Amino acid sequence: MSAAPDIRDLAARALREAKRAGADEADLRVFESRELQLVVRLGEVEVLKEAGDRGVALRVFTGRRRAVVGTTELDPDGLERLAREAVALAAVCEPDDTHRLPEPGLYAAELPDLDLCDDGAAPDTASAIALARALEAATLGADPRIDNCQQSRFTRSLTRTVYVTSNGFEADWRRSGYSLAIQPVARGAGGERVTDTWFQRAPHFADLRDPEALAAEAARRVLRRLDARRAPTGTFPVVFEPRMAARLAAMVFHCAAGTAVWRGLSYLADRRGTRIASDRFTLVDDPHRPRGLGSRPCDGEGLACRRLALVDGGVLTHFATDLESARRLDLPPTGHGLWGGGVGPSNLHLAPGPESPAAILAGAKRGLVVFDMMGQGFDATSGHWSQGCTGLWIEDGAAAHAVSEVTIAGHLDEVLAGVDAVGDDLDFSLGAVASPTLRVAAMTVAGS
Amino acid sequence: MDGGLPPLDEGFLTRLLERALDRGGDYADVFVESSRSQILRWEEGRVKEADLDLARGVGVRVLAGEKTGYAYSDILAEDALLAAAATAAHIAAGGGAPAPAPRAESDLPDRYPVRRPLADAALREKVALLEGLEAAAATEPEVERHLASYAETVQEVLVATSDGVLARDRRPLLRLNCTVVAARNGRRETARRSLGGRAGMEFFADHPVADLAREAVRGARQLLDAVPAPAGPMPVVLGAATSGILLHEAVGHGLEADFNRKGTSMFSDRVGQRVASELCTVVDDPGFPGDRGALNVDDEGLPAERTVLIEKGVLRGYLHDRLSARLMNMRPTGNGRRESYRHHPLPRMTCTLMPAGDSDVAELFRSVRRGLYAKSFSGGQVDIARGDFVFNVTEGYLIEDGRVTAPVKGATLVGNGPAIMGRVSLVASDFTLSPGMWNCGKRGQGVPVNVGLPHILISEMTVGGTRGGGAP
């Protein structure tokens, strides 16, 4: 590869160019990353992709006007053009008093080392292929009904990001990420095909579990989809498996996001300090988990962040804010800013409860376990939720058969107030947003 | 910034292809891309922020049997690109490279007839579009907030292949989005409407922005009056235009050849069989000039073509890219698409539609005693293996005794593709293309698409709402 200047030097150069082009203030993010993507299917390598890229995104402020410009062209001429283009673009915007960098005192004073990067040395490509093959072979070997596979996939990414601001903040961090995923296909007695995806993600390669364990779970999950029937229509208890409960957690976060709140785009806009859920519902965001998938030393705007319960025992205690929404709402920023705008969670999770998933299912007597949700049926402004799902039907407190073509619906107020059991099975290996098993006492279920 | 394709000459393209094949792959291609995207965001009565993104890069792909090797670089120096080609070449393990065939430039149609290029229009003119939305939306009764954005992308691509293709395309794409929040007595509802296409600024002469704003206002205010959606199975009339998302989700994805080659789609091995009611014909057509789904050439250098997927209920074929066509011994259909130079091609849809039928629209409603009229949709998702799908209805109404009555909110439709297509019992004569707003995601890659449909009646479909007890 060509010798390329260090991205820290590029960052400093781009800031100088922005100032020279007329910006009052500026910040920018430069990244360089390498990725490996490997797909194995039926024992053979199907896709092998390896590449590296670099990019810069520059944000300029001129008289409280703001524009963002990004490019993959990092040569000196490119950066100079980038800066000029950004300042010209800002001129078509109108001023907004919230459009300025933070006061320097708000920046994170310390950037904790969260152990988010291994060196990317292992595995080499041959070992990665062997790993994906082993995962697929173990899944296909688990049961004769599993007779095909969409893909067995391994990915690795290594990213270095430099963030600098014209008022003195500088951060330079590296992150590695690995994932292993399998998508088996099983065939039922009537020729019916079902598929499921199961995976694991980790910032360190050493934290990926052994492929046999992943295969066993993938096999169990695809096989239980066979022989699906329709669910009855009516009002029933609904149990959300961890990955689906995490989506519910993300919906609540979205409604508690300062960006949605100040715009009136959240049904929770007027509800801070009040009860929004049953007392079993505690929603925590924890940015400093070592080796966490969503961990970050500071937020995307360089502001300090810390562990925070957004919903505590059912009471909405905090809105998650970035600098702009905090200024709008006259609240302190909570360190949830994303660079370039908006707010996002770090390691968002529902606090675990005392019950085992089996006890939660047994307690439902007759109802639905949701293990997959499709479509986007949630309206944050009104709080209405209607969602297509796949799952298991519960009779006499035990899973009786799979169900498909079923929808669940309700207003989020009723859903959250109805949370009557929270499991003890919180696991962070599936994503940065996590949850234990959750049961809602009653939702509208529509099937046959 | 100037943009434009990186200047890679013929000789260097040949060197790249030679390097890509020097371990003996069957086929190689080089995808050169330059794209320039601009967004203007409107809020609180003014342009609040402007974004510009410029990306240039080169992707090199090698096919060897069923294997794909892929590498890309946004460092455009010759040594970096040759290194990418060598990385992609690793997928093949043999030797004896076939020499790339001499290339001839493809002669292609022009399906994006631009009269006033986006790049030539002043930023002020684009801002004026947003001001037009504001003027039509913000002062309406009950409107609490109006958000809008203008987005344009111009993507230039060049594809050079080892089998002698050299194709270029310059693809404009624009979209105007309008979101309105309406409030009454503490209740708030949001409606979002979009339109756009592969066109220049002349697009807005034919599509007045005020109409878009009025539609969003009407949508949000109507939701304030809406009753909860019913729940359970019932007859459903799908509205013309955006309901075409049903075809895209319920049928289109299952007909992308990669799933069928691997035997993982519910349509696998079913060509020639009845898979839908005989009233159903489904076509993928990149040929509507200026449409969001229009395409001159796919991202593998092959002409984008109209493909009949289902004809009078019988499955006729799949959507192919080069790989699936070669492995299934079929002719490619020009559906190999990719999000950018960072991605390898996959079989993808363009504009998926059902042509007009014979029925009068009124006839569809007349036959329904109690049911749902699903007029427009915000999106959907499908499970390819089973064919199960979900749609979210953004504008829906009850049908009672053959008449459209109260608006409903929060309706979701679920079903199974082949099962629902078998229950299409009337197809109206009012075929309409959807406003150009759809993005399709597959394996982490997004591409612009469109859909089109006349009004159709489905004899039974499960509606997910909150009002239980079956049909209203």
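Author: One term is needed at the outset: two strands are said to pair if DSSP finds at least two bridges between them. Please also keep in mind that this is a predicted model.

Reader: Thanks. Which strand of chain B pairs with β2(A), and in what sense?
Author: The partner is strand β3 of chain B, residues 67-73, and the two strands pair in the parallel sense over four bridges. Within that pairing, Val47(A) has Thr68(B) in β3(B) as its bridge partner.

Reader: How many residues of each chain are in contact?
Author: On the side of chain A there are 77 residues, and they are in contact with 82 residues of chain B. The area buried between chain A and chain B is about 6500 Å², and carbon and sulfur atoms give 50% of this. Three residues, Arg193(A), Met374(A) and Glu405(A), supply 10% of the area that chain A buries against chain B, more than any other three residues.

Reader: Why quote an area at all?
Author: The size of an interface is often given as the accessible area lost when the parts come together.

Reader: And how many salt bridges are there between chain A and chain B?
Author: The count is twelve salt bridges between chain A and chain B. One of them joins the side chains of Glu46(A) and Lys262(B), with a distance of 3.0 Å from N to O. There are also 41 residue pairs in polar contact across the interface of chain A and chain B, with both residues at pLDDT 80 or more.

Reader: Which element of chain A gives the most to the side that touches chain B?
Author: Strand β2 of chain A, residues 44-62, gives the most, with eleven residues. By class, the side of chain A that touches chain B has 23 nonpolar, 30 polar and 24 charged residues.

Reader: How much area do domain 1 and domain 2 of chain A bury between them?
Author: They bury about 2000 Å², with 49% of it on carbon and sulfur atoms. Three salt bridges are found across this interface of domain 1 and domain 2 of chain A. A salt bridge is formed by Arg160(A) with Glu32(A), where the closest N and O atoms are 3.7 Å apart. The interface of domain 1 and domain 2 of chain A also has twelve residue pairs in polar contact, both at pLDDT 80 or more.

Reader: What about chain B, then? How is it divided?
Author: Chain B has domain 1 (10-105), domain 2 (118-157 + 170-224) and domain 3 (232-464). The centres of domain 2 and domain 3 of chain B, taken over C-alpha atoms, are separated by 26 Å. The contact takes 16 residues from domain 2 of chain B and 22 residues from domain 3 of chain B.

Reader: How many salt bridges lie between domain 2 and domain 3 of chain B?
Author: The count is four salt bridges between these two domains of chain B. Arg218(B) forms a salt bridge with Glu395(B), whose closest N and O atoms are 3.1 Å apart.

Reader: One last topic: in what order do the strands of the open sheet in chain A come?
Author: The order is β11-β10-β9-β12-β17 in chain A, five strands with mixed pairing. β11 (315-316) and β17 (433-434) of chain A stand at the edges with a single partner strand each, so one side of each is left without a neighbour in the sheet. Strand β10 of chain A, residues 308-312, runs antiparallel to β11(A), and two bridges join them. There, Val311(A) has Leu316(A) in β11(A) as its bridge partner.

Technical notes
Residues are numbered from 1 along each chain as its sequence is written. Chains are lettered from A and ligands numbered from 1 in the order in which they are written. This is a predicted model: local features need pLDDT of at least 70, side-chain atom pairs count only at pLDDT 80 or more; totals for chains, interfaces and linings use all residues. Side-chain values use heavy atoms; hydrogens and water are left out. Contact means heavy atoms within 4.5 Å. Buried area is the accessible area (1.4 Å probe) that two parts lose on being put together, summed over both. A polar contact is a pair of N or O atoms within 3.5 Å; within protein, one must be able to donate a hydrogen and the other to accept it, and residues adjacent in sequence count only if both atoms are side-chain atoms. Ala, Val, Leu, Ile, Met, Phe, Trp, Tyr, Cys and Pro count as nonpolar, Asp, Glu, Lys and Arg as charged, and the others, Gly among them, as polar. Domain bounds come from an automatic or database domain assignment.
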